[in-house]
Each structure stands twice: as structure tokens, then as C-alpha cells.
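Dear colleague,

Please find below the structure that I am handing over to you. My notes on the ligand site and on one helix follow it.

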Amino acid sequence: MASNRGASTLDIILLGPPGAGKGTQAQRLQAKRGMIQLSTGDMLREAVAKGTPVGIKAKVVMEAGELVSDAIVSALIGERLDTAAAHGAIFDGFPRTEHQADALEILLGERGRKLDHVIELVVDEEALVERITGRFTCATCGAPYHDRFHVPQVAGTCDACGGHEFKRRPDDNEQTVRTRMAEYRAKTAPILPLYEAKGLVRRVDGMLTVEQVAAAIDAILDG
Ligand code: AMP
């Protein structure tokens, strides 16, 4: 069961609307603390790129900014959960509905695990549209950049790996972003009270700098 887990191993959810900084913070926690980022968005993009049956189904839904079915994303998480057994999982972009929250509780419970924290990144929606529509990543190593807030030091060259190719997500356009926000408000925000009732929710101001948000998250995890 949980025998290979250290006493300080934590399973946490990063919750917040698209563009709140969940992926950036999850990657940092993975690099600095050895936790494992479990991003259903990344898993689905991988499935789309590979053209798997799940990817073919998910592609249109993702391009519209709507939610992929609970059954598909819960199965994806179930397949990867054990990879994070020893070091703890950072759930990024999952759960997004009450049904997914229930599925996660069952998946963790079956493994003798439970959630330690639900960290809500609190952000201003209008600022998010600008954040999201300007973001791009290195096509080689995935390092994140932004047209206004964080351009590569040498134009056209990735600071991290020296790569010269960059990419943008097809769903990072304003119209799709608005739908993704509406989906968040309608289906994801309502799961917060459920976690609040369990005393799991910690709030962090997601409008602060990446470093300040990281420090606030560290304080929660070390608390
Ligand atoms: P993300 O990278 O988390 O912003 O997710 C990108 C898109 O993938 C979303 O807009 C949804 O279409 C889909 N997606 C990712 N995670 C989930 C999830 N947990 N439930 C349903 N759809 C998801």
C-alpha cells in the first residue's frame, strides 16, 4: 500500500482558472522538490499529438475550450498515479468537476493515500486573458515564455536549451480562453466548497510574481 512513501510525501491539487500559473508552479515543484506533475492537459495534448483514440476524441473538445469527459481524464490520472507514489503528486488541471473530485478521492483511497492540500491560485480573470494569449513555449524543452512579460534573453533562442523553435497552444486564443474561463466558473469553482468543508483549501495570490507565488506555496508545503 503506502509503504514506500516518506512521512513528508504530499499529494496536492493546484486549482485555479486557465492561466493562473498552475503549470509553471507544478513544473517548479517537480524540479525543486522531486514531486510529480500530473497534468491532464499535458496528457491530452500528448494523446492528440500521437493521434490515439483518446486524442482524436479530445482534439475538437479542447479546441472549443470545453471539458473532455470525466471518464477519459479520470482514466488518464489512474494510469499515472502510481508514478507519483514515492514523491507525491501535483494535480494540475485535475479535478475540474465534482465527478472528477470523487474519482480522485477513490483512486487515492485505493492506494492508501489522501489529499494533503488544495492550493487555490486566486487571480483576476481579465489579466488572465492577456497572460494566456501572449504565452508560448520552447518546442524543444518546454520552457515557458510570454510576449510581454518574459521574452527570451536573445530573441529567437531559448534561454534554457538554446533551441530556436517555439510553439503556441491552439486553444490559447481569446475566444477559446473565454469559454475555458466559463467552464471553470460553471464546473470547477463549485468543487472548492467541497474541499473547504474538509479543511484542505489554502489560498495564494496568483497575481504576484512567479517567485512570490512559489515562496507562498513552499511555505504551505513546509508548514
Ligand atoms: P489545460 O492544459 O489544463 O488548460 O487543459 C487544456 C484543455 O484540456 C482544457 O481546456 C480541456 O479541454 C482539456 N482538459 C484538461 N484537463 C481536463 C480535465 N481534468 N477535465 C476535462 N477536460 C480537461
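A nitrogen atom of the ligand lies 3.0 Å from a polar backbone atom of V68. Please bear in mind that this is a predicted model.

The backbone of E66 also takes part: one of its polar atoms is 2.5 Å from an oxygen atom of the ligand. From Q100, by contrast, it is a polar side-chain atom that is found 2.9 Å from a ligand nitrogen atom. The ligand exposes 480 Å² when taken alone, and the protein buries 96% of that area.

In total, 16 residues surround the ligand, and T40, R45, E66, G93 and Q100 are the closest.

Q100 is buried, as are A101, A103, L104, L107 and L108 of helix 5. These buried residues line one face of the helix, because they fall within an arc of 160° when seen down its axis. An α-helix has 3.6 residues a turn, so residues three or four places apart point the same way. I106 and E110, on the other side of helix 5, are exposed.

Conventions:
Residues are numbered from 1 along each chain as its sequence is written. This is a predicted model: local features need pLDDT of at least 70, side-chain atom pairs count only at pLDDT 80 or more; totals for chains, interfaces and linings use all residues. Side-chain values use heavy atoms; hydrogens and water are left out. A residue is near a molecule or strand if one of its heavy atoms lies within 4 Å of it. A polar contact is a pair of N or O atoms within 3.5 Å; within protein, one must be able to donate a hydrogen and the other to accept it, and residues adjacent in sequence count only if both atoms are side-chain atoms. Accessible areas come from the Shrake-Rupley method with a 1.4 Å probe; for residues, only the protein chains shown count as cover. Buried means under 20% relative accessible area, exposed over 50%, partly exposed in between (1.4 Å probe, protein chains only). Helices (H or I, at least four residues) and strands (E, at least two) are DSSP runs, numbered from the N terminus. The arc is that of the directions from the helix axis to the C-beta atoms.
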